[in-house]
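The structure comes first, and the description follows.

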Amino acid sequence: MYETNYHRPSTVEEAVALLSANPDAKPLAGGQTLIPTMKQRLAAPSDLVDLRHIEALRGIKLEGRRIIIGAATTHAEVAGSEALQSACPGLASLAAHIGDPHVRHMGTLGGSVANNDPAADYPSAMLALDATIHTSTRDIKADDYFTGLFETALDEGEIIVAVSFEAPEKAAYAKFANPASLYAMAGVFVARHGAGVRVAVTGAGSDGVFRQGDMEAALSANWSPAALDSVTVSADDLMDDLHASAAYRASLIKTMAKRAVAAA
Amino acid sequence: MGLQGIGAAVPRKEDRRFTTGAGRYTDDMVVQGMRHAAFVRSPHAHATIKGIDTSAAEGMPGVVGVLTGAQLKEDGIGNLICGWAISSKDGSPMNMGEWSPLAVGKVRYVGDAVVVVVAETRAQARDAAEAVMIDYEELPVVVDAVEALKDGAPQVHENAPGNLIYDWEIGERDATDAAIAGAAHVTKMKIRNNRLVPNAMEPRAALAKYDKAEDHYTLWTTSQNPHVARLVLSAFYNVAPENKLRVIAPDVGGGFGSKIYIYPEEIVCLWASKRTGVPVKWVADRTESFLTDAHGRDHVTEVEMAFDAENRILGLKVDTIANLGAYMSLFSSAVPTYLYATLLSGQYVIPAIHANVRTVYTNTAPVDAYRGAGRPEATYLLERLMETAARELGVSPAELRRKNFIREFPYQTPVIMCYDAGDYEASLDAAMKAADWDGFPARKAEAASRGKLRGIGMSCYIEACGIAPSAAVGALGAGVGLWESAEVRVNAVGTVEVLTGSHSHGQGHETTFAQLVSDRFSIPLDQVNIVHGDTDKVQMGMGTYGSRSGAVGMSAIAKALDKVETKAKKIAAHLLEADEGDIVIEDGHCKVAGTDKQVPWFQVALAAYTAHNLPDGMEPGLKEGAFYDPSNFTFPAGCYICEVEVDPETGKTEVIQFVASDDFGNIINPLIVEGQVHGGIAQGIGQALLEDTAYDASGQLLTASYMDYAMPRAADLPSFQVSNTVTPCPSNPLGIKGCGEAGAIGSPPALINAVTDAIGVRDITMPASPRRVWETLNAKA
Amino acid sequence: MAKVELTVNGRKVAREVEGRMLLAHFLREELELTGTHIGCDTSQCGACVVHVDGKAVKSCTMLAAQASGTEVTTIEGLSTGADLHPVQRAFNTHHGLQCGFCTTGMIMASVDIINRYGGALDEATVRAELEGNICRCTGYHNIVKAVLDANAEMHGQTQAAE
């Protein structure tokens, strides 16, 4: 790891000021991806701005049907939240299966969404739940937020404060894990709000998380695993690597989608 | 058997320090003035070094020295060598290429060490290592052993034309060909044994300290055999004469073979500590471990097994190509020859066997012994063949095996080995009963109702431990003897220290070895200390590998105990005015059998050291040493049965049940023996289902971290059902065969036999990863 | 440089260290608590697990500076006095360790699992919860037994683990 300067702001404004002051500064959330990346000398931020001590970024709130989760909320807190277990158990269950227990104690929702790793779990949930990403400067719809591999709509110095979404009627996530890393090799989040169904896929797309339109249409017409039998998942634009070919990933997407619908 | 003696499942003495964080591993060692080394390694699999510029690195903060291969050569440090000479079938010696501890002129695999940087802190050393500029000219690369033998393949070493190290054979070619020609049935297969990375959880490390005033070196290192390390460092690498070099292997976090060998880093740290004048510590990170620890396996084999009309095996013909990587590691040559082809008779009467083995250089990490070392490859061939043949012949796999089992001992195989004892049918019966083999069809049907494909597979393995006798292995090319040493020191108060040439890095010697002493002298375990791993304390010994520490290491202790016991009884007889033949040692006393005359054990020891009242002519003291050179290998054997369920939608295989029935001969500590089997099975399941080592065409290791190399985790494995049958080993005093590697040897074919049974295919290449299973099922459909 | 002040095993410590220093290195090198081990670079092996404010985390994936102000418990602080923690004892009784290198992290993770589940543990849960800890020696069989047995002891259940 290259040398770096550690900062611990206690307000969003202070954090933004620190980040803006130095173009090579990076926000540090749980650090469960950033620190390993730095250890391998693949990232060299001059300054790290620790976001975990900003009160405004913490906590899970239910306002009517709207669920608001602070960016610095850990995976363990999301998994263990009674409010979420009742309002959106699919998301709590997703969080309960990110990484391992130690990662879940440190890693945060905001960190995962800001990093947008193509094999991370949360981005699929944000997209399928039609979430809004609330940042230090604006609100961004998930559809506009995830822009590619490790790419998001966030500007330099802009940090995520919270995410929010309407509690779905039904939602669940199913993933097939890479046997080595245990990251998603194909993870599918399905969510139903009234007649609208959204299906988002992570771990598989060569351009990162994406919505699966054919599945959304099929499930909107008939919310059942069997409705997906007729959907053909194209292997085009899917990742192809040591652990999974594009064709295998296409097959896994369909299998995971069915299992998610069955679990929802 | 007492509560703490032979046969007792005693919890380990050494656990207290390991469970409280008080273990002392090499990276835990700190010496005054210590600095840290970082290696600059080749990013290319094959390249010429055009130039090295260390000037920028030398000016970096904290840097003490930046050293190259040229400087190492100036100081006369030798090349690394392979210590087992194998000749080709035409009589020519093996073609061993040069391996300089720091590359000179050329690099031959990704990870090849080129420059070492020594700096105040680990981070500064790494910072400076990045500033070393090396100008490479890339050369064509070959990573696959079969490709490396083809005309026009890139040449890894100038003195190994066609990348061939040796072309070796064993057995009778003509007789085997004739058996195949006259067979009623021949089963043919082409089998790949996947390359594995050992992955001991403690990365390799070295701390070297040069004492200028004494002209003496001390090396703390992660070694399974510190004396062999000292011998090689002294005799071949020219670091220092043995009396000027102390090697200490403190607590070592697993080895599995990978810590037998002497690697460039230890040599360089020793040399650098003198050259820079500071103690130098190096600790591998996990990526370096993946890149540079000696890998295991990596065979491609074409094999034919011939049967007569009654399903008796007539012959076995084997043609193997083994990838040894870019350099010949210390014992690499022996693994695909004497540790592999000599086991090709398995548990079966096979009248004619011929095996041809070609070993090959490629631009990959060196390959050497990894848990099982040759025997897993042999067992995998045989047990996949037996399964496949049974299916082709329409008989049950158990019946085909039973028909061909060796039943009379000693049994001389056509491939050197003479099996001394065994009861293979007993293991098979016990395993089938434990696995409820007969109930499998019902379980398969139940699984099918859940959409799962259930399969069952068995494997009947034999292996050979305690490579011996030394004169015989010397005749086969070994550069060392394979005996073991022990010294038993009874202290003046009756407590005991045992100095053993074996080394424990997880095997529990501090407990098991102490049980031997406790049993013999009737003293509590906590009065016995086992000392190992330090060349200044312990007499020359050969270390721990090849499941040898029970059969060979403990036999040496038993021999030394015999001598101590004899002397103690003489002293006791003298004190008790009795005949030494009437003395027995029990309940902490030396007693005159059949009388109430006795003297406490500690008083016998005290008498030996006060020497006030010893038999005429007896030397004072109670301390004896022994060297034990076995008269034969030992032959652990057993039967493993595995049941799996495959999810046809994802290709994922779940191991539902794993039954092991092993014959390790006599057992000193069943708790520890079972633990060895568990660990071996886990590594075998890893090989069969999870672990693969993939290089791309340019020689980059694609599986260089736990992100891509699938290590078995708790959720990948079931609880195991382990049991034993016993035929004592006739060739050593304790009747022990060895248990360290059996699990890794016997389990992979059981797994793959089960997977192929589940998905209804003849063969699948290891590892049967979800992707590979899914693709196999898809291709079938 | 960063000023790091924290409580480790009940003892307050303060050091000025490089911003890049990992908590694992801080414990090992600054405090000489070498029971915390480092077995990988990608945050997967779990040999470095310690408790920070009562929760299991990987000390190789946390800067010492991030831990400033927290209470850290390492393997050295798990038991006080002569008695071992029930999990340490169970690892010994059931031969849940061999080379010992993963053991300290494994024990810290196991304590965390038992604490979080409050007694309701079964084999499948233990295996799933151990996914952040790699052992190469034991095949996990005896580790799982040890965790279940320690759980039974700590939560007053009489039925021992198989």
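Two strands are taken to pair if DSSP finds at least two bridges between them. In this predicted model, strand 19 (residues 484–490) of chain B is joined to strand 20 (residues 496–500) of chain B by five bridges, and these two strands run antiparallel. Within this pairing, V490(B) stands opposite V496(B), which belongs to strand 20 of chain B.

Both strands belong to an open sheet of four strands in chain B, whose order is 21-20-19-25 and whose pairing is mixed. Because strand 21 (528–531) and strand 25 (623–628) of chain B each have a single partner strand, they stand at the edges, and one side of each is left without a neighbour in the sheet. Direction ignored, neighbouring strands of this sheet are turned against each other by 15° on average. Helix 15 (residues 509–521) of chain B packs on the sheet, where it touches strand 20 and strand 21 of chain B, and the direction of this helix makes about 135° with that of strand 21 of chain B.

The contact between chains A and C involves 20 residues of chain A and 23 residues of chain C. On the side of chain A that touches chain C, at least two residues each are supplied by strand 1 (5–7), helix 2 (34–39) and helix 6 (101–106) of chain A; helix 6 of chain A gives the largest share, five residues. The table sorts that side of chain A by residue class.

| Class, side of chain A touching chain C | Count |
|---|---|
| Nonpolar | nine residues |
| Polar | seven residues |

Key. Residues numbered from 1 in each chain as written. Chains lettered and ligands numbered in written order. Predicted model: local features only at pLDDT ≥ 70, side-chain atom pairs only at ≥ 80, totals over all residues. Axes fitted to C-alpha atoms, helices over the stretch in contact; angles between N-to-C directions. Contact = placed C-beta atoms within 7 Å. Nonpolar A, V, L, I, M, F, W, Y, C, P; charged D, E, K, R; others polar.
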